[in-house]
Amino acid sequence: MWNFISFQTEFIHLMLARSVKRLWKLVLQEQIRIRNRHPQYCTMYANSLELKTVIKKLNKLAPTTLASSWDNVGLLVEPSPPHDVSSMLLTNDLTEPVIKEAIEKKVDMILSYHPPIFRPFQRLTQKTWKERVIIKCIEHRIAVYSPHTSYDAVLGGVNDWLIKPFSGIAKSIEKVYCAHHPTAGGYKMELTVPSKLLHTAEKILASIPTIPGVTVQAHLKIGEQPETATRLFLNCTEEGLGRAMDFVNQYDEVRDSVEVLQLMKPPIPHQGSGRIVKLDSPMRLQNAVDAIKSHLGLAHVRLAKALGASLDSPVLIVAVCAGSGGTVLKDVSADLFITGEMSHHDVLDANHRGTNVILCDHTNTERGFLKYHEDTLETVFEKKVAVHIAEADHEPMEVV
């Protein structure tokens with residue numbers, strides 16, 4: 001009897017907590033509605049953040065520099081200032097049903113995983129659904145931000161969430177690199193001037209700093225008397241490298257000593273597209289299928305078994321890529337690929353290499369992360385922004 005009463009008490013507390021959270025979100029929405037329509041009362045409410053503060057926090061959470069070079073991420077629609085944010089809608093795709101929901105909920109900002117603006121618009125008319133969505137955002141002063149591949153690459157992002165059902169230490173498949181070289185140029189040039197060309201060394205040392213795109217990092221004496229020489233270490237841009245070689249080519253004995261190294265941008269540890277894990281212990285293919293279906297909340301997935309494999313075949317290495325995994329997973333060696341979609345020929349290639357493939361449909365491998373991410377964002381925003389998951393957002397493909 002006591003256990004039943006305890007259960008009732010805990011259940012009531014849980015229901016009250018959920019009701020309070022929903023009420024809090026509604027209060028924040030009403031506050032921001034009044035704030036944006038009556039800016040003279042802005043000082044009345046503390047439960048909001050300026051848009052620029054929200055953007056700064058989002059960029060710190062997942063820097064847009066992690067995104068693929070082809071992607072269009074960051075702030076895509078910015079209302080005229082001042083614009084405060086106290087409610088945000090999370091969605092995988094910003095469709096017309098989602099913008100309708102956003103307007104009804106009076107949100108101030110939408111975080112859309114996929115960028116609703118990808119290819120440039122020539123005009124904004126009512127002709128296409130994407131144009132209409134952006135027009136609605138502008139009309140209703142709704143900011144739009146898209147993280148897309150920066151969320152794919154970041155540690156703790158979409159791909160780390162996708163691989164959660166499989167125990168082991170996951171590593172990124174593709175590397176991402178710092179946006180800029182730590183030095184001014186992308187090339188390191190080293191050359192040696194023999195001691196017998198002392199005056200040449202002095203002339204080179206005096207002339208090189210005047211060459212655009214070239215800086216002298218260091219110079220030192222090498223060797224022992226009387227065979228000493230001067231070793232120069234230069235940093236060059238691509239254009240500066242050409243100019244430096246034109247200058248050095250005047251001196252045959254110096255030219256033959258030149259070494260050029262192309263500098264790489266430093267890799268960012270633990271970040272990058274895709275994830276691969278060696279399981280703590282092997283599992284049956286059937287168990288792997290069941291694990292990903294449970295994790296994604298799916299009744300069905302598509303499975304392409306490797307040649308000669310069965311549902312009892314062991315799986316030790318699992319590689320995942322949220323969304324479309326054909327490119328990221330192409331040359332990866334694993335027992336199992338999990339992704340949203342791959343081309344027919346990529347699947348056949350994988351099967352012939354001994355890799356099983358599970359396809360879950362594109363957004364099914366992404367959307368669940370938003371629910372997982374909701375509490376993270378509310379914490380990052382210091383509980384000053386109410387975060388909602390879009391109810392109108394869903395995977396367009398279904399099994400019939």
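Biologist: What should I know about the model before reading it?

Modeller: It is predicted: local features need pLDDT of at least 70, side-chain atom pairs count only at pLDDT 80 or more, and totals for chains, interfaces and linings use all residues. Residues are numbered from 1 along each chain as its sequence is written, and side-chain values use heavy atoms, with hydrogens and water left out.

Biologist: How far apart are the end C-alpha atoms of helix α10, and what span should its residues give?

Modeller: Helices (H or I, at least four residues) and strands (E, at least two) are DSSP runs, numbered from the N terminus. The expected span of a helix is 1.5 Å times one less than its number of residues. For the 12 residues of α10 (residues 285-296) that should be 16 Å; the end C-alpha atoms are 17 Å apart, which agrees.

Biologist: Which residues of α10 are buried?

Modeller: Buried means under 20% relative accessible area, exposed over 50%, and partly exposed in between (1.4 Å probe, protein chains only). In α10 the buried residues are Leu285, Ala288, Val289, Ala291, Ile292 and Leu296. They lie on the same side of α10, because they cover an arc of only 160° around the axis. That arc is taken from the directions from the helix axis to the C-beta atoms.

Biologist: What covers the buried residues of α10?

Modeller: Contact means heavy atoms within 4.5 Å. The cover includes α6 (158-162) and the strands β12 (275-284), β13 (302-304), β14 (314-324), β15 (336-341) and β16 (356-359). Just after α10, Gly297 has a positive phi of about 70°.

Biologist: How many salt bridges are there?

Modeller: A salt bridge is a side-chain nitrogen of Lys or Arg within 4 Å of a carboxyl oxygen of Asp or Glu. By this rule the count is 18.

Biologist: Why might partners sit three residues apart in a helix?

Modeller: An α-helix has 3.6 residues a turn, so residues three or four places apart point the same way. In helix α12, Lys371 and Glu374 are three residues apart, about one turn, and their side chains meet in a salt bridge at 3.2 Å, N to O. Lys371 is exposed at 55% relative accessible area, whereas Glu374 is buried at 6%.

Biologist: Which salt bridge links distant parts of the chain?

Modeller: Arg302 forms one with Asp361, the closest N and O atoms being 3.5 Å apart. Arg302 is in strand β13 and Asp361 in the loop between β16 and α12 (367-380), 59 residues apart. Arg302 is partly exposed, at 49% relative accessibility.
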